[in-house]
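Please examine the structure shown below together with its sequence.

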Amino acid sequence: EARRTSGRQRNGNLLRKYGITLVEYEAMLTAQSGGCAICGRKPEQQTRYQNLHVDHCHDTGKVRGLLCDQHNLLLGRFNDDPKLLRRAADYLDGLL
């Protein structure tokens, strides 16, 4: 079941964790056509969360975009390594 938080709580969480406001989150969501930056899945299409995850660089803290729960976990499992992700894509394409 999705956890519900007030707008004020959500704004505080976003500011504390990622340095963005709820208004900035909503602007990012609009810029991404309302869905995950990778697959386009909308927040209401997720099973566990009512909001998309704020994807950020763990080294710099820079926010990159908003992701569904599956793609947020995927990037984490690949240690945010683009070379490893490209290698995985090559494997799926039968190039390896």
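**Salt bridges, core and surface**

D55 is buried, having a relative accessible area of 8%; here buried means under 20% relative accessible area, exposed over 50%, and partly exposed in between (1.4 Å probe, protein chains only). The model is predicted, so local features need pLDDT of at least 70 and side-chain atom pairs count only at pLDDT 80 or more, whereas totals for chains, interfaces and linings use all residues. Residues are numbered from 1 along each chain as its sequence is written, and side-chain values use heavy atoms, with hydrogens and water left out.

The side chain of D55 forms a salt bridge with that of R64 (2.8 Å, N to O). The term denotes a side-chain nitrogen of Lys or Arg within 4 Å of a carboxyl oxygen of Asp or Glu. R64 counts as partly exposed, at 43% relative accessibility. A salt bridge also joins the side chains of R64 and D80 (3.3 Å, N to O). Because D80 lies in the loop between α3 and α4 while R64 is in strand β2, this pair ties together parts that are 16 residues apart in sequence. Helices (H or I, at least four residues) and strands (E, at least two) are DSSP runs, numbered from the N terminus. D80 is partly exposed, with a relative accessible area of 26%.

R41 counts as buried at 19% relative accessibility, and D69 counts as buried at 11%.

R41 is also among the residues that C36 touches, a list that includes L52, L66, L67, C68 and H71, not counting residues up to four places away in sequence; contact means heavy atoms within 4.5 Å. C36 belongs to the largest nonpolar core, which has 12 residues in all, among them L52, L66, L67 and C68. Such a core is a set of buried Ala, Val, Leu, Ile, Met, Phe, Trp, Tyr and Cys residues joined through side-chain atoms within 4.5 Å. The elements giving two or more residues to this core are α2 (22-31) and β2 (63-67), and α2 gives the most, with 3 residues.

At the surface, L92 is exposed, with a relative accessible area of 72%. L92 is placed in helix α4 (residues 82-92).
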